[in-house]
Amino acid sequence: ELPFHQVLGVPSQRTKWQSFVEKRVMTTCQLCPGACGLSVRTIDGFPVSVSGNPLHPINSGKLCPKGLATLQTYYHPARIQGPQIKRGSQFEPIPWADALNLIGEELDKIRKEGQPQKVVLMHQGLTGLTYHLAKKFTTLYGTPHFIGLDGNEGVNLANAYTLGSYQ
């Protein structure tokens with residue numbers, strides 16, 4: 001395998017050096033609500049380096065330690081890369097279609113029981129269209145529990161719901 005693939009721990013389909021497809025992808029960091037601009041260098045679709053996007057209005061090319069460590073998070077061997085289901089004491093990967101079906105079935109069951117208030121949608125840093133879609137979902141579903149995790153609000157509400165106290 002090529003050294004590039006050994007370092008990243010991803011399988012290689014190539015056994016010798018060839019011309020790789022290299023490009024820069026502009027995106028935003030999702031590790032905090034700041035949404036700083038990132039410039040991600042990719043080779044054959046695999047991210048290999050991250051730097052700040054100098055044209056982004058939030059961070060002007062600078063990154064915090066979280067942003068700089070994005071690739072370590074992305075390639076960490078313990079990172080959950082898809083939906084999982086708990087069977088006994090173990091979690092097992094399942095296909096996205098199965099996970100979405102399970103969620104849909106459970107939401108349908110709760111609603112048919114006439115208890116939509118059992119569903120809580122907790123979020124952190126949702127903005128724009130995503131915020132409005134999530135809020136609309138909770139309204140149409142019938143639950144009043146649309147909780148933002150800004151500051152300590154989420155922790156306080158979680159304590160109140162589970163322990164009966166804001167402290």
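Colleague: Hi! Quick one to start: how many disulfides does the count come to?

Modeller: The count comes to zero disulfides, where a disulfide is a pair of cysteine sulfur atoms within 2.5 Å. Keep in mind that this is a predicted model, in which local features need pLDDT of at least 70 and side-chain atom pairs count only at pLDDT 80 or more, while totals for chains, interfaces and linings use all residues. Residues are numbered from 1 along each chain as its sequence is written, and side-chain values use heavy atoms, with hydrogens and water left out.

Colleague: Good to know. Is Cys36 buried, exposed or partly exposed?

Modeller: Cys36 counts as partly exposed, because its relative accessibility is 22%. Buried means under 20% relative accessible area, exposed means over 50%, and partly exposed is in between, with a 1.4 Å probe and protein chains only.

Colleague: And which class does Cys64 fall in?

Modeller: Cys64 is partly exposed, since its relative accessible area is 38%.

Colleague: Let's zoom out. How many helices and strands are in the chain?

Modeller: The chain has six helices and seven strands. Both are DSSP runs numbered from the N terminus: helices are H or I with at least four residues, and strands are E with at least two. Starting at the N terminus, the elements go α-β-β-β-α-α-β-β-α-β-α-β-α.

Colleague: What share of the chain is buried?

Modeller: Of the 167 residues in the chain, 24% are buried.

Colleague: I see some strands side by side. What is the order in the open sheet?

Modeller: The order is S1-S2-S3, an open sheet of three strands with antiparallel pairing. S1 and S3 are the edge strands, each pairing on one side only. From one strand to the next, the twist averages 30°, with axes being lines fitted to C-alpha atoms (for helices, over the stretch in contact) and angles running from 0 to 180 degrees between N-to-C directions.

Colleague: Remind me, through what do strands of a sheet pair?

Modeller: Through backbone hydrogen bonds, either parallel or antiparallel. Here, two strands count as paired if DSSP finds at least two bridges between them.

Colleague: I'm looking at Thr42 in S2. Which residue in S3 does Thr42 stand opposite?

Modeller: That would be Pro47 in S3. Thr42 also has Lys23 standing opposite. Elsewhere in this pairing, Arg41 has Ser49 in S3 as its bridge partner.

Colleague: Why is S2 described as largely enclosed by the rest of the structure?

Modeller: Because six of its seven residues are buried.

Colleague: Moving along, in which sense do S4 and S5 pair?

Modeller: Strand S4 (residues 84–87) and strand S5 (residues 90–93) are antiparallel, over four bridges. Lys86 has Phe91 in S5 as its bridge partner. Two residues lie between the strands of this hairpin, where Gly88 takes a positive phi near 70°.

Colleague: Last topic, the largest pocket. What volume does the largest pocket have?

Modeller: About 250 Å³. The search uses a 1 Å grid over the protein atoms alone: a cavity is a set of points where a 1.4 Å probe fits but cannot get out, while a pocket is an open set with protein on both sides within 12 Å along at least five of seven lines, and lining residues have an atom within 4 Å of a point. Grid points are joined across faces, edges and corners, and a volume is the space filled by probe spheres set on the points.

Colleague: And which residues lie nearest its centre?

Modeller: Thr28, Leu38, Val40, Thr70 and Tyr74, out of 13 lining residues. H3 gives the largest share of the lining, four residues.
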